Amino acid sequence: MKETTRTDVNELGEFGLIDHLTKQFEIKHSSTVKGVGDDAAVINNGNWLTVVSTDSLVEGIHFDLMYSPLKHLGYKSVVVNLSDIYSMNAIPHQILVSIAISNRFSVEALDAFYEGVRAACDHYKIDLIGGDTTSSNKGLFINVTAIGRARPERLSYRNGARPGDILCVTGDLGAAYLGLQILEREKQLFLDNPDLKPDLEDEKYLVGRQLKPEARGDIIGVMAKEDIIPTAMIDISDGLASEIYHLCKESEVGILVEEGKVPIHPDTERVALNFNMDPISCALSGGEDYELLFTVDPGDLEKIVTMPDVYIIGEVTVKEQGAVLKTTGNNFHRLTAQGWTHFQK
Ligand code: ADP
Ligand code: MG
């Protein structure tokens with residue numbers, strides 16, 4: 001019998017696997033401006049560029065119906081895709097929504113999911129233009145594709161950061177991750193004692209950040225008004241450290257982040273300590289914040305400092321410097337896609 005090798009997908013990791021599966025595909029059309037490798041693909045349509053992105057959410061992996069209301073889930077499924085379009089500095093216009101459902105789901109349950117989809121479509125001014133409905137053996141599977149557009153000169157890719165650029169982030173980080181920890185804790189308490197009613201009232205902010213995130217279309221609007229085009233941009237879906245790794249890799253630069261400048265909400269601070277976690281670790285490795293991480297030319301500094309909810313957290317350096325976190329105690333840590341390790345500078 002012929003010997004076959006079997007490689008575990010975990011050996012490659014998510015990014016390695018995508019690279020492995022897609023590297024042998026050649027671009028055949030000049031209209032394909034950007035294929036695999038950014039937050040969204042870019043297609044040339046003459047005066048405008050079309051920007052497309054797709055994401056899937058799988059029950060038991062990305063959400064737990066014990067604590068994710070279907071309406072919120074519908075909203076979130078749309079938002080996470082819009083975030084990838086905004087992170088190209090483009091404006092989303094349409095979505096396609098596909099679902100695979102088992103007979104566990106009633107029409108009323110799906111109505112609730114679509115109520116959330118509709119709320120997101122209304123809030124972000126998006127048209128639902130299609131999708132697919134099919135069956136699954138057990139869990140709920142959701143796929144959303146978002147389509148947007150931008151003028152060619154306005155797009156921001158992951159690969160445009162240059163040494164000397166200013167590193168900025170929107171909103172605050174780490175909250176969605178702690179929201180998830182709270183929901184998981186309450187779920188466990190409920191499973192241990194079903195008479196207990198979960199008390200989430202005090203943690204509305206963190207739980208809300210997990211169950212009903214928003215995409216930063218407002219920031220993209222302000223950028224257009226102020227005529228700022230980020231040299232590079234990415235949305236924070238996997239945690240600040242992972243996104244910094246992507247910017248460094250694609251732009252072939254280093255990045256220095258100052259711990260004391262990373263925006264962290266007071267609730268995040270308090271609850272992280274309750275869970276015996278370091279708030280900065282939640283910001284670096286938590287994920288699902290759907291904030292924007294971007295770099296701008298130093299000449300845009302004056303405009304940036306007046307932008308609401310935008311924080312300067314560091315600077316772009318040369319590749320040889322790598323990705324580095326400067327702590328509040330003036331220590332230096334090397335940032336990795338997963339988090340950070342200590343090192344002597
Ligand atoms: P994001 O976290 O911004 O959604 P991903 O890490 O999911 O981005 O994807 C990175 C890039 O890899 C994107 O260009 C995406 O379209 C592409 N990609 C991911 N999975 C596949 C796949 N199975 N086949 C082809 N391209 C893929
Ligand atoms: Mg993204």
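Author: A salt bridge is a side-chain nitrogen of Lys or Arg within 4 Å of a carboxyl oxygen of Asp or Glu. In this predicted model, that rule finds three salt bridges across the interface of domain 1 and domain 2.

Reader: What makes E288 and K76 a salt bridge?

Author: The closest N and O atoms of E288 and K76 are 2.8 Å apart, and the cut-off is 4 Å, so the pair counts as a salt bridge. K76 also belongs, with Y67 and R154, to the residues of domain 1 that lose the most area to domain 2, together 30% of what that side buries.

Reader: How do you know that domain 1 and domain 2 touch, and how many residues of each are in contact?

Author: Contact requires heavy atoms within 4.5 Å, and by that criterion 26 residues of domain 1 are in contact with 28 residues of domain 2. The chain is divided into domain 1, residues 29-154, and domain 2, residues 166-334, and their centres, taken over C-alpha atoms, are separated by 22 Å. The area buried between the two domains is about 2200 Å², with 59% of it given by carbon and sulfur atoms. Ten residue pairs are found in polar contact across this interface, both residues of each having pLDDT 80 or more. On the side of domain 1 that touches domain 2, the elements giving two or more residues are α2 and α3 (107-124), and α2 gives the most, with nine residues.

Reader: Why is K225 called exposed?

Author: The relative accessibility of K225 is 75%, and exposed means over 50%, so K225 counts as exposed. This residue lies in helix α6 (residues 217-226). Its C-alpha atom is separated by 28 Å from that of C248, although K225 and C248 are 23 residues apart along the chain.

Notes. Residues numbered from 1 in each chain as written. Chains lettered and ligands numbered in written order. Predicted model: local features only at pLDDT ≥ 70, side-chain atom pairs only at ≥ 80, totals over all residues. Heavy atoms only, no water. Domains from an automatic or database assignment. Buried area = accessible area lost by both parts, 1.4 Å probe. Polar contact = N/O pair within 3.5 Å; in protein donor to acceptor, adjacent residues only side chain to side chain. Helix = DSSP H or I, 4+ residues; strand = E, 2+ residues; numbered from the N terminus. Buried < 20%, exposed > 50% of the residue type's maximum accessible area, 1.4 Å probe, protein only.
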